[in-house]
Amino acid sequence: MRNEETGYILEKLHIRHTQYDFDCGMEEYNEYIRERAFDEIDIKNTQVYVFLTKNRDTLIGYFTLSNKSIRAEIRDTIYDQPLCLLGRMAIQKHLQGKGWGTKFIHKAIDICYQISDMAGCKGLLVETYFLDLIESNFYQNRGFQQIDEHKIHGRTRYRLLYPL
Ligand SMILES: CC(C)(COP(=O)(O)OP(=O)(O)OC[C@H]1O[C@@H](n2cnc3c(N)ncnc32)[C@H](O)[C@@H]1OP(=O)(O)O)[C@@H](O)C(=O)NCCC(=O)NCCS
C-alpha cells in the first residue's frame, strides 16, 4: 500500500522488516516489533502495520490493531460495544514530534472505517498507561474522548474512544 500523497509506504509487518533498526526510546516497544509481534500475528490476536519511507531506507514506526468489545450502557441496557483497539504505537526516536504519530492515528481511523463498513465497529479505542500523553491531550486533540480510568495492578489505565 503506497501513499504518494503523504510520502510513506504502509505494509503489514513481515519478517523482512526485521532488517531495519528500530528504536523508539522504549525498549518494550522495540522488543515487541523485533520479536513478540510475529507470535501475536500468528495467533491472530493483532495486526501490525509498519510505515516505511518512500525509498524504503527507514522504518518510521508501527501501530497495532485488534478487535475488542467493551461493556457500556445504552438505553438502560448493558451491551458489548464492538470496537477496534489501537494497541501499540511507536515511532523512531529521531522522527518523533514531526507529525508521524498524528498520521498513524489518521490511518488507523481509516482502517477502522473500512472494518466498520464490513462488520460492526463503533469506534477506535486506545488504552494507555502514559499519563503524560493524557495530560498533553495528545489523543484528545486528535478526536478521542476519555471514557474512563481504572487501577490495574497498581497502575492507572486510561481509555479513550474515537467514535466513528
Ligand atoms: C507517542 C508517540 C507515538 C507520538 O508520536 P509523534 O510522531 O511524536 O507525534 P506527533 O509528532 O504527531 O505529535 C506530537 C505531539 O505529541 C506529544 N507527545 C509526544 N510524546 C509525548 C509524551 N511522551 N508525553 C506527552 N506528549 C507527547 C507532543 O507534545 C506533541 O504535542 P502537540 O501536537 O500538542 O504539539 C511517539 O512519541 C512515540 O513513539 N513514543 C514512544 C512510544 C510510546 O510512548 N507510545 C505510546 C502509545 S500509547
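The model is predicted: local features need pLDDT of at least 70, side-chain atom pairs count only at pLDDT 80 or more, and totals for chains, interfaces and linings use all residues. Residues are numbered from 1 along each chain as its sequence is written.

Start with the fold. The protein chain holds three helices and eight strands. Helices (H or I, at least four residues) and strands (E, at least two) are DSSP runs, numbered from the N terminus. Their order from the N terminus is β-β-α-β-β-β-α-β-α-β-β. The radius of gyration is 16 Å, close to the 15 Å of the globule rule for 164 residues, so the protein chain is as compact as a globular protein of that length. That radius is taken over C-alpha atoms, and the rule is 2.2 Å times the number of residues to the power 0.38. The C-alpha trace spans about 55 × 35 × 30 Å along its principal axes.

Now look inside. Of the 164 residues, 24% count as buried. A residue is buried if 20 or more other C-beta atoms lie within 10 Å of its own, exposed if 12 or fewer, and partly exposed in between; C-beta atoms are placed from the backbone. The largest nonpolar core has 33 residues. Such a core is a set of buried Ala, Val, Leu, Ile, Met, Phe, Trp, Tyr and Cys residues joined through C-beta atoms within 7 Å. Strand E5 gives the most to this core, with six residues. Leu124 is among the residues with the most contacts inside the core. Beyond its neighbours within four places in sequence, Leu124 is in contact with residues including Leu83, Ala108 and Tyr162. Contact puts the two C-beta atoms, placed from the backbone, within 7 Å.

Next comes the ligand. Of the 21 residues around the ligand, Gln96, Gly101, Thr102, Asp132 and Ser136 come nearest. A residue is near a molecule or strand if its C-beta atom, placed from the backbone, lies within 6 Å of it. Strand E5 (77-91), helix H2 (100-118) and helix H3 (131-135) each give two or more residues to this shell.

Finish with two loop residues. Arg56 has phi near 60°, a positive value in a residue other than glycine. Arg56 lies between strand E3 (47-53) and strand E4 (59-74). Arg56 counts as exposed because it has 10 C-beta neighbours inside 10 Å. His153, also not a glycine, has a positive phi of about 45°. The loop of His153 runs between strand E7 (145-152) and strand E8 (155-163).
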